[in-house]
Amino acid sequence: MAYDNTCKYLAEKFPAAFVQWLLPLDRPTTIQVLKTELIQEPIRADSLAFLQADNQILHLEFETLPYSDPPIPFRMLDYYVRLKRQYSCSINQVVIFLQQTTSEQAFVSEYTDENTLHRYRVIRLWEQDPALLLSVPGLLPLATLSQTNSPRTLLEQVANRIATIEERDRQADLLACTQVLAGLRFEKNLIRQLFRKETMRESVIYQEIREDGLLEGRQREALSFVTRQLTRRLGTIDPEMQDQIQTLSVEELENLGEALLDFSEATDLVNWLNEP
């Protein structure tokens with residue numbers, strides 16, 4: 001959850017940066033950050049920004065994994081209906097995938113069933129030109145995950161840009177956010193080499209990240225999802241297999257999350273777990 005929380009923080013702290021990136025406007029407008037809890041049975045969107053002059057809402061969802069329960073397309077429809085009911089204005093929805101994947105789910109940009117078609121935008125950060133992200137301070141942490149033929153050079157560019165920020169609190173916050181998101185692509189040692197840890201420690205969000213436990217939080221999220229999906233697909237899971245699943249790394253849990261879509265019986269899970 002640390003990745004999502006970091007992105008939510010950025011979108012709340014720098015809403016104009018995201019509007020500039022995703023909704024280029026012909027004229028300046030007042031931007032109001034809205035409460036993310038929506039009516040009916042409460043659910044929370046990742047980020048909601050109201051553009052007053054244009055009477056529209058920019059709704060952002062940040063995703064690390066390409067699958068979720070309920071699925072992302074259905075969630076976007078659910079968010080849209082709730083937002084429309086609550087605010088009665090134009091709504092622009094964007095799903096931003098953070099970590100590179102070949103999963104087909106990262107290329108889906110609509111929800112469809114017998115009577116409904118709902119579309120939204122999808123941005124895969126690894127396909128994005130880093131130029132704009134590097135030019136706007138609030139987007140610098142996202143730039144670390146953008147398109148590049150030289151990841152280290154890109155990370156150095158981000159570090160150099162953050163080093164020029166004079167406001168110390170803002171610099172510390174951006175350093176903390178950058179360290180978290182860069183962890184999806186880069187080794188920790190490289191990140192530590194390029195970013196000053198003593199400045200980053202001054203950030204409030206850095207303290208929150210420390211408390212969350214970055215890797216542990218991500219592992220718990222993946223484990224919870226896989227367990228729910230396996231139970232739904234195969235019924236009660238044998239305790240020994242449950243213990244084995246709990247020892248899997250985040251990457252292995254993500255692979256299992258995709259593989260289980262083809263499972264039809266418990267032996268499929270046994271075979272998968274016993275593969276070398």
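Modeller: Two strands are said to pair if DSSP finds at least two bridges between them, and the strands (E, at least two residues), like the helices (H or I, at least four), are DSSP runs numbered from the N terminus. This is a predicted model, in which local features need pLDDT of at least 70 and side-chain atom pairs count only at pLDDT 80 or more, while totals for chains, interfaces and linings use all residues. Residues are numbered from 1 along each chain as its sequence is written, and side-chain values use heavy atoms, with hydrogens and water left out.

The protein chain contains 14 helices and nine strands, and five of the strands form an open sheet with mixed pairing, in the order E1-E4-E5-E6-E9. Strand E1 (31-33) and strand E9 (121-124) are its edge strands, since each of them pairs on one side only. From one strand to the next, the twist averages 25°; for such angles, axes are lines fitted to C-alpha atoms, for helices over the stretch in contact, and the angles run from 0 to 180 degrees between N-to-C directions.

Helix H2 (residues 15-22) packs on this sheet, where it touches E1, strand E4 (47-51), strand E5 (56-63), E6 and E9, contact meaning heavy atoms within 4.5 Å. The direction of H2 makes about 95° with that of E5.

How many of the residues of E5 are buried? Eight of its eight residues are, where buried means under 20% relative accessible area, exposed over 50%, and partly exposed in between (1.4 Å probe, protein chains only). In a regular strand the side chains alternate between the two faces of the sheet. In E5, Gln56, Leu58, Leu60 and Phe62 point one way, whereas Ile57, His59, Glu61 and Glu63 point the other way, and all are buried. E6 is largely enclosed by the rest of the structure, because six of its eight residues are buried. For the protein chain as a whole, 48% of the 276 residues count as buried.

The loop between E5 and helix H3 (residues 72-87) holds Pro70, and a cis peptide bond, with omega about 5°, joins Asp69 to this Pro70. H3 has 16 residues, which at 1.5 Å a residue should span 22 Å, and its end C-alpha atoms are 22 Å apart, in agreement; the expected span is 1.5 Å times one less than the number of residues. Among the buried residues of H3 are Ile72, Met76, Leu77 and Tyr79. Just after H3 comes Ser88, in the loop between H3 and E6, and Ser88 has a positive phi of about 50° although it is not a glycine. At 58% relative accessibility, Ser88 counts as exposed.

Beyond E6, Ser103 lies in the loop between strand E6 (90-97) and strand E7 (110-112). Ser103 is buried, with a relative accessible area of 10%, and, leaving aside its neighbours within four places in sequence, Ser103 is in contact with Pro66 and Glu258.

There remains the packing of nonpolar side chains. A nonpolar core is a set of buried Ala, Val, Leu, Ile, Met, Phe, Trp, Tyr and Cys residues joined through side-chain atoms within 4.5 Å. The largest one has 46 residues, and Phe18, Trp21, Ile96, Leu98 and Leu142 have the most contacts inside it. Helix H7 (residues 168-182) gives the most to this core, with six residues. Leu142, not counting residues up to four places away in sequence, touches Cys7, Phe18, Trp21, Leu98, Leu125, Leu133 and Leu181. A second, separate core of 19 residues includes Leu65, Leu223, Met241 and Leu256.
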